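Dear colleague,

I am passing on the structure below, together with an account of what was found in it. Please open it beside this message and read the two together.

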Amino acid sequence: MDTARDSRPHRRLSLLTIAFALLGVLRTVFCLSIDKLKNQSTGERKINMTYDRRKQKKTRNQIFLELGDITQLDCDAIVNAANNSLLGGGGVDGAIHRAAGPKLLEECRTLNGCATGEAKITGGHRLKAGHVIHTVGPVYSGKSKDAELLSSCYRNSLDLAKQHNLHSVAFPAISTGVYGYPLEEAVPIALNSVREWLDANPDYGIDVIFCSFSEDTHKRYRARLDQTAGR
């Protein structure tokens with residue numbers, strides 16, 4: 001009887017050890033699930049980018065298409081589809097601020113906002129990109145001024161890139177998120193605006209990357225490029 005009583009604490013200790021081990025496993029699984037949900041909700045995802053600025057020749061202008069997270073691109077500048085305050089927001093704006101870290105917000109506070117269609121520049125901070133060009137797209141209204149303002153975002157961003165001697169710039173699909181600009185209208189405006197700028201600056205030597213987070217947007221850019229190839 002004494003032996004049986006002596007073994008009970010050891011059994012209890014073993015059961016407690018197993019229980020704590022199981023709790024640890026469950027906690028790990030739970031944390032991984034939460035991280036996955038966070039990534040889905042914030043728009044962050046890891047996709048291997050094909051663009052490599054080190055392999056590109058800066059003697060000519062080129063257009064590239066990428067599918068993935070613009071914050072992961074290694075280029076001279078990425079363009080932020082910002083709001084007028086430049087103090088961060090949702091969508092790509094929020095993703096860029098999170099990836100760049102709090103110093104980006106501190107620098108943005110010194111810029112005193114940005115008018116719709118205009119662009120301002122900051123450092124890239126924790127990003128792979130050396131700079132962030134912030135531009136404010138129009139909220140879609142269906143009026144003719146929308147197209148001019150959206151086109152201005154691309155032109156002014158590229159003008160700013162040239163002023164700062166930047167030779168690789170990545171754009172998101174400006175205004176197509178919460179600002180409601182239809183992709184079927186925004187994509188041709190984006191490509192036409194960039195091409196017009198490149199034609200006006202034939203010897204500058206810049207890589208322009210259209211980086212799409214969704215496959216649908218990426219396919220629309222690809223289809224438009226194919227339609228206008230060799231123009």
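This is a predicted model: local features need pLDDT of at least 70, side-chain atom pairs count only at pLDDT 80 or more; totals for chains, interfaces and linings use all residues.

Residues are numbered from 1 along each chain as its sequence is written, and side-chain values use heavy atoms, with hydrogens and water left out.

S157 is buried, with a relative accessible area of 0%; buried means under 20% relative accessible area, exposed over 50% and partly exposed in between, with a 1.4 Å probe and protein chains only. Not counting residues up to four places away in sequence, S157 touches V79, A119, I133, T135, S152 and F171, a contact being heavy atoms within 4.5 Å.

The sheet comes next. Six strands form an open sheet in the order β1-β6-β5-β2-β4-β3, with mixed pairing, and two strands are said to pair if DSSP finds at least two bridges between them. Its edge strands are β1 and β3 (119–123), each of which pairs on one side only. On average, neighbouring strands of this sheet are turned by 25° against each other, direction ignored. Strand β2 (residues 77–82) pairs with β5 in the parallel sense over two bridges, and A77 has V169 as its bridge partner in β5. By contrast, β3 and β4 pair in the antiparallel sense over five bridges, with I133 in β4 as the bridge partner of I121. Four of the five residues of β3 are buried, so that strand is mostly covered.

Helix α4 lies across β2, β3, β4, β5 and β6 and runs at about 150° to β4, where axes are lines fitted to C-alpha atoms, for helices over the stretch in contact, and angles run from 0 to 180 degrees between N-to-C directions. Helix α2 (residues 91–100) lies across β2 and β4 (131–136), running at about 130° to β2.

The largest nonpolar core has 33 residues, of which Y154, F171, F210 and Y221 touch the most other members; such a core is a set of buried Ala, Val, Leu, Ile, Met, Phe, Trp, Tyr and Cys residues joined through side-chain atoms within 4.5 Å. Helix α5 gives the most to this core, with nine residues. What covers the buried residues of α5 includes β1 (62–67), α4 (144–163), β5 (168–171), β6 (207–212) and α6 (215–227).

Y154, F171, F210 and Y221 also form one aromatic cluster. Rings of Phe, Tyr and Trp (its six-membered ring) pair if their centres lie within 6.5 Å, and planes under 30 degrees apart count as stacked, over 60 as edge-to-face and the rest as tilted. By this rule the count comes to six aromatic pairs. The rings of Y154 and F171 have centres 4.9 Å apart and planes at 45°, so this pair is tilted. Because Y154 lies in helix α4 and F171 in strand β5, the pair ties together parts that are 17 residues apart in sequence. Y154 is buried at a relative accessible area of 1%, and F171 is buried at 0%.

With best regards
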